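Please keep the sequence and the structure in view while reading.

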Amino acid sequence: MHELQRGAEVPDALTPYLAVDRSTPKHECWVTGHMVAGLDGTAAIGGRVGSLSTPPDQELFRRMRQIADIVLVGAETVRREGYGPGRLSEEAQTARRRLGQSPVPPVAVVSRSLEFDWDATVFTGATASARTHILTCEAADPTRRAEAEKHARVIVAGRERVEPAAALRALADLGHRVVLCEGGPRWLGELVAADRLDELCLSVSPLMGGDPLPISVTPPGAPLAGFELRGVMAEDDTLFLRYERQER
Ligand SMILES: NC(=O)c1ccc[n+]([C@@H]2O[C@H](COP(=O)([O-])OP(=O)(O)OC[C@H]3O[C@@H](n4cnc5c(N)ncnc54)[C@H](OP(=O)(O)O)[C@@H]3O)[C@@H](O)[C@H]2O)c1
């Protein structure tokens, strides 16, 4: 057991995340989960993440998209959170261009129902270089799929449901090697169950009493996944933990 003490100030909270070597994923691409939990593990308050996220967490959440080739998110989170395309500072966009990345990463939404408000900014506000993607499955309604194709780049990855491995293979084939999954818990749980989560950046917010929804909901029967602690930072009362999947 070791006592952790507050150490030197980190001048820029993103620096430790930018420094991670994500070039050797175990599978198709490197998948980083970025989530915030209350002290009781809750992932939402009243169906939204807003009041769970503290100012330093909100700031990190916005900036973390700099690490991503693409942002991956479950449809329910898009519907509930009024998701929009990523926005990054000019400096971050320049740094990305230097690495051959699009100025902002596109968003990829996972859905079987394809029930979306097509006027939502996640579709209408995306730039040409970061068009929103939809990952769906063969069983999706063909009429809805035809509509989806008018508003997003549609990728079919699986029969009855989106298969995590097929979805990530499709993203890797498009050149997306670092995938930032921003939830929600059900989609993140599918990635964990498929052994596709390489890294978890977890903010612990000093609150209790939210929704009975943990940050990852794995399907019944999924094996346990172990992680190694690689980083700890704190700002005020918010803890920032970084874990990587345990070597097996
Ligand atoms: N604490 C955090 O960091 C955090 C982060 C994100 C979200 N949240 C919260 O989490 C809640 C929403 O999360 P959630 O777990 O209910 O939903 P979610 O994971 O965001 O989305 C679930 C939806 O994604 C689609 N989906 C998931 N797996 C699929 C598969 N294998 N194949 C096809 N489609 C699949 C389905 O969409 P269709 O229904 O369209 O088929 C499913 O209904 C909200 O309250 C939000 O505020 C918290």
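Predicted model: local features only at pLDDT ≥ 70, side-chain atom pairs only at ≥ 80, totals over all residues.

Helix 2, strand 8 (227–235) and strand 9 (238–245) each contribute at least two residues to the lining of the second largest pocket. The volume of the second largest pocket is about 610 Å³. Its lining comprises 22 residues, and those closest to the centre of the pocket are Arg6, Val10, Met233, Ala234 and Glu235. By class, the lining of the second largest pocket divides into 12 nonpolar, three polar and seven charged residues.

Attention may now turn to the largest pocket, which holds about 1,300 Å³ of space. The elements that supply two or more residues to its lining are strand 1, helix 2 (55–64), helix 3 and helix 8. In the largest pocket, however, it is helix 3 that gives the most to the lining, with six residues. The lining numbers 44 residues in total, and Thr77, Glu81, Tyr83, Glu182 and Gly184 lie nearest the centre of the pocket. These lining residues divide into 15 nonpolar, 14 polar and 15 charged.

What takes up the space of the largest pocket? The ligand does. Strand 1 (30–38), helix 3 (75–81) and helix 8 (185–193) are the elements that give two or more residues to the shell around the ligand. Helix 3 again gives the most, with six residues in this shell. There are 28 residues around the ligand, of which Val36, Thr77, Glu81, Ser111 and Ser113 come nearest. Thr77 and Glu81 are also among the residues nearest the centre of the largest pocket. The shell divides into 11 nonpolar, seven polar and 10 charged residues.

Individual atom pairs complete the description of the ligand site. A polar side-chain atom of Ser111 is placed 2.6 Å from an oxygen atom of the ligand. The backbone takes part as well: a polar backbone atom of Glu76 lies 3.1 Å from a ligand oxygen atom, and a polar backbone atom of Gly74 is 3.5 Å from an oxygen atom of the ligand. On its own, the ligand has 930 Å² of accessible area, and the protein covers 89% of it.

Definitions and conventions: Residues numbered from 1 in each chain as written. Heavy atoms only, no water. Near = heavy atom within 4 Å. Polar contact = N/O pair within 3.5 Å; in protein donor to acceptor, adjacent residues only side chain to side chain. Areas by Shrake-Rupley, 256 points an atom, 1.4 Å probe, with all protein chains shown as cover. 1 Å grid on protein atoms, 1.4 Å probe; cavity = no way out; pocket = protein on both sides within 12 Å on 5 of 7 lines; lining within 4 Å. Sits in = over half its atoms within 2 Å of the grid points. Helix = DSSP H or I, 4+ residues; strand = E, 2+ residues; numbered from the N terminus. Nonpolar A, V, L, I, M, F, W, Y, C, P; charged D, E, K, R; others polar. Points joined across faces, edges and corners; volume = space filled by probe spheres on them.
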